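Please look through the sequence and the structure shown here, and then follow the report below, which goes through a few parts of the chain in turn.

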Amino acid sequence: MTGQERRAQVLAVAEQEFAVAGLHGVSTETIAHRAGITQAYVFRLFGTKKQLFLACVDAAFERMTLAMLGAGGASGLEALTAMGREYDAMLADRTTLLLQLQGTTAAAAGDPEVRDAVRASFGRLWQAVADTAGLDPVAIKAFLAFGMLLNTGAALELAEVDEGWARQARTRIQPGLFNHITTETNQ
């Protein structure tokens, strides 16, 4: 394997581990073992466990950002509708969604390095959605807020819960939801 291929392999293993256990819930020894390399090689590739975690979280945000940009061609509410379909498709990638949550959880725990890195990743996602849609910041905020609810639903495995509240939380957002959000309504 080339160094680049090995790095990608370690990232893939680490993403699965960190998505479930978070920054402090998994050891680099476990990641190295699953990747079939030494712990020292993990450190040679990424420097520290935190840097490996941040690379995983950034990659998760980048996948989501690329999916939103992949909605392509449209602008305004049509862009949000297309991005909503892309987000819906991303629900199958539970690892990506959980990594975003793990990143924000670690940031909330008060680690300034993690906070700054996750803030930058989230900022790129926000900007991609905002630049593509070209809508009022409140529309972007509402769209991304619904996305966070979808992330939370994935973390809680709400698809497995057969209760009224869980069914309600799983309802799909239909095109047109954001039609009422206009510059005039948000002054």
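## The annotated region

## Confidence in the model

The structure is a predicted model, and the mean pLDDT of the protein is 90, with 92% of its residues reaching 70 or more. Confidence is lowest in helix α5 (residues 76-90), where the mean is 87, and highest in helix α2 (residues 28-35), where it is 97.

## Two aromatic pairs

A search of the whole structure finds two aromatic pairs. In one of them, the ring centres of F18 and F53 are 5.2 Å apart and the ring planes stand at 85°, so this pair counts as edge-to-face, the cut-off for that class being an angle over 60 degrees. The pair links distant parts of the chain, since F18 belongs to helix α1 (residues 3-21) and F53 to helix α4 (residues 49-69), 35 residues apart. Both F18 and F53 are buried.

F122 and W126 form an aromatic pair that is tilted, with 6.4 Å from centre to centre and 55° between the planes. These two residues are four residues apart in helix α7 (residues 112-133), and therefore F122 and W126 are separated by about one helical turn. F122 has a relative accessible area of 31%, so it is partly exposed, and W126, with a relative accessible area of 24%, is partly exposed as well.

## The nonpolar core

How many residues make up the largest nonpolar core, and which of them touch the most other members? This core has 51 residues, and those that touch the most other members are V10, F18, L52, M68 and V129. The elements that give two or more residues to the core are α1, α2, α3 (39-46), α4, α5, α6 (94-108), α7 and α8 (137-155), and the largest share, eleven residues, comes from α4.

## The surroundings of F18

When its neighbours within four places in sequence are left aside, F18 is in contact with L23, V26, I31, K49, L52, F53, C56, L99 and Q102.

Technical notes
Residues are numbered from 1 along each chain as its sequence is written. This is a predicted model: local features need pLDDT of at least 70, side-chain atom pairs count only at pLDDT 80 or more; totals for chains, interfaces and linings use all residues. Side-chain values use heavy atoms; hydrogens and water are left out. pLDDT is the predictor's confidence in each residue, from 0 to 100. Rings of Phe, Tyr and Trp (its six-membered ring) pair if their centres lie within 6.5 Å; planes under 30 degrees apart count as stacked, over 60 as edge-to-face and the rest as tilted. Buried means under 20% relative accessible area, exposed over 50%, partly exposed in between (1.4 Å probe, protein chains only). A nonpolar core is a set of buried Ala, Val, Leu, Ile, Met, Phe, Trp, Tyr and Cys residues joined through side-chain atoms within 4.5 Å. Contact means heavy atoms within 4.5 Å.
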